[in-house]
Amino acid sequence: MKYDHIMVRFGELSTKGKNKKEFIRVLARNIKNALSEYPSLEYIVQLDHIYIKLNDVDPDEIIEVLQSISGIHALSLVLKIDEDIDNICEESLKLIKQEKGQTFKVHAKRANKKYPIISDQINRLVAGKILKNTDLKVDVHNPDILLSIEIRNDGCYIFTKTYKGAGGYPLGVGGRIMHMLSGGIDSPVAAYLLMKRGLLVECIHFASPPYTNIGVIEKLKDLLGKLNVYQESIRLNIVPFTKIQEKIYEVSDESYAITIMRRMMFRLASELAKRRNCPAISSGESVGQVASQTIESMNVINDVTNMPILRPLVTYDKLDIIEIARKIDTFDISIRPFEDCCTIFAPKKPKTKPSLEKSIEFENKFDYQTLINEALDNIEVVYIKKEA
């Protein structure tokens, strides 16, 4: 017996009230785009589920794609059948005979309230059929096989296989964001979490040749290639940062170098975000992992912009971040031995509680705005796209 549909469940989208229709529309569009190489698939978009009619397409391939799409809570391989109760019992028996196990449970859901048989009675009738015709035993607490039956307006769906989705919101419903991308472990993970919340991510990277190796840029391209699983095309803005960085070390105390550097980066990111119509910026910072990520440092660094700054990793432990990096397959790329400008220029004893007044005093010693404008006018743009 072959499953003929995939049932897509929304999860968190079900709480969105008046926005729900728009969220589902965007999710359906994202699903169709992700599965565009399977033209024989058919889509039935409803307020409670999206159904994908397989038309003999291998379901394993489709499930793998669907599990990477944000906004999907779960998905099930289902068989659509006529809702006549004798037919439900017969088809349920055929389906459960395909499964391995010694115990089972039937869970019926009567979404169509006009259906004349209540859920509990459906459970009993189907379970009775299975008990009479197999050696399976009932276990309502921890069954080897969970047989689900959903009675809906358009028919009955039966299934035993459910898969976890990515969760979150459909990509694009949250707008666009300018994300500060380094070559480390944290910022790609932060980008993934932003995508999962429905944000289209555009990236900015600060390059300091000849101090930084060209290998860093290749590393970034490979990292974003992994993130193409979740967002098919990502724009990477490579900002020349060498002149600014050299000037910072010329005019400031070494202990303030990272603070001034981060302030310049946030100025650049904010200005580029405005030019690119991104209403917010983001980073891979967490609280207290390095000197620039103390609350006092963040406060001084944030002073240069009134644009919202999202830090999705702010409460994450490093081990939690590494676990996600392994899950999305960016970890091994992130630990390649090519350092970015923050790592290469890191001072031995950075200020963990920098003074805003002192930071401004150092910045006033050079014409940073001219250097910022020059850097913005010489950005290199690279698009990293999902391979066809």
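Guide: Let us begin with K385, whose charged end sits over the ring of Y383, 5.9 Å from the centre of that ring. Please keep in mind that this is a predicted model.

Visitor: Which ring does the charged end of R326 sit over?

Guide: The charged end of R326 is placed over the ring of F331, at 4.1 Å from the ring centre.

Visitor: And what about ring against ring? How many aromatic pairs are there?

Guide: The count comes to 6 aromatic pairs. One of them joins F23 and Y169, whose ring centres are 5.5 Å apart; their planes stand at 80 degrees, so this pair is edge-to-face.

Visitor: Where do F23 and Y169 lie?

Guide: F23 belongs to helix α1 (residues 20-34), while Y169 is in the loop between β8 (155-164) and β9 (176-180). The pair therefore ties together parts that are 146 residues apart in sequence.

Visitor: Is F23 buried or exposed?

Guide: F23 counts as buried, because its relative accessibility is 11%. Y169 also counts as buried, with a relative accessibility of 13%.

Visitor: How are the rings of F366 and Y368 arranged?

Guide: F366 and Y368 form an edge-to-face aromatic pair, with 5.9 Å from centre to centre and 65 degrees between the planes. Both F366 and Y368 are buried.

Visitor: Let us change topic. How many cavities of 30 Å³ or more does the structure hold?

Guide: The structure holds 1 cavity of that size, 30 Å³ or more. The volume of the largest cavity is about 60 Å³.

Visitor: Which residues line the largest cavity?

Guide: Its lining is made up of S68, S70, A166, L171, Y192, M195, K196 and Y230. By type, the lining of the largest cavity divides into 5 nonpolar residues, 2 polar and 1 charged.

Visitor: Now a helix, please. How many residues does α8 have, and how far does it reach?

Guide: Helix α8 covers residues 257-275, which makes 19 residues. From the first C-alpha to the last, α8 reaches 27 Å, close to the 27 Å expected at 1.5 Å a residue.

Visitor: Is α8 mostly covered or mostly open?

Guide: It is mostly covered, since 16 of the 19 residues of α8 are buried.

Visitor: What comes just after α8?

Guide: Just after α8, N277 takes a positive phi of about 60 degrees. N277 lies in the loop between α8 and β12 (281-282).

Visitor: Is N277 buried or exposed?

Guide: N277 counts as exposed, because its relative accessibility is 63% and the cut-off for exposed is over 50%.

Visitor: What is the phi of D329?

Guide: Phi of D329 is near 70 degrees, again a positive value in a residue other than glycine. D329 is found in the loop between α10 (318-327) and α11 (331-334). At 40% relative accessibility, D329 counts as partly exposed.

Visitor: One last point about the backbone. Which residues does a cis peptide bond join?

Guide: A cis peptide bond joins P209 and P210, with omega at about 5 degrees. Most peptide bonds are trans. P210 is in the loop between β10 (200-207) and α6 (215-227).

Technical notes:
Residues are numbered from 1 along each chain as its sequence is written. This is a predicted model: local features need pLDDT of at least 70, side-chain atom pairs count only at pLDDT 80 or more; totals for chains, interfaces and linings use all residues. Side-chain values use heavy atoms; hydrogens and water are left out. On a 1 Å grid over the protein atoms alone, a cavity is a set of points where a 1.4 Å probe fits but cannot get out, and a pocket is an open set with protein on both sides within 12 Å along at least five of seven lines; lining residues have an atom within 4 Å of a point. Grid points are joined across faces, edges and corners, and a volume is the space filled by probe spheres set on the points. Ala, Val, Leu, Ile, Met, Phe, Trp, Tyr, Cys and Pro count as nonpolar, Asp, Glu, Lys and Arg as charged, and the others, Gly among them, as polar. Helices (H or I, at least four residues) and strands (E, at least two) are DSSP runs, numbered from the N terminus. The expected span of a helix is 1.5 Å times one less than its number of residues. Buried means under 20% relative accessible area, exposed over 50%, partly exposed in between (1.4 Å probe, protein chains only). Rings of Phe, Tyr and Trp (its six-membered ring) pair if their centres lie within 6.5 Å; planes under 30 degrees apart count as stacked, over 60 as edge-to-face and the rest as tilted. A charge sits over a ring if NZ of Lys or CZ of Arg is within 6 Å of the ring centre and within 35 degrees of the ring normal.
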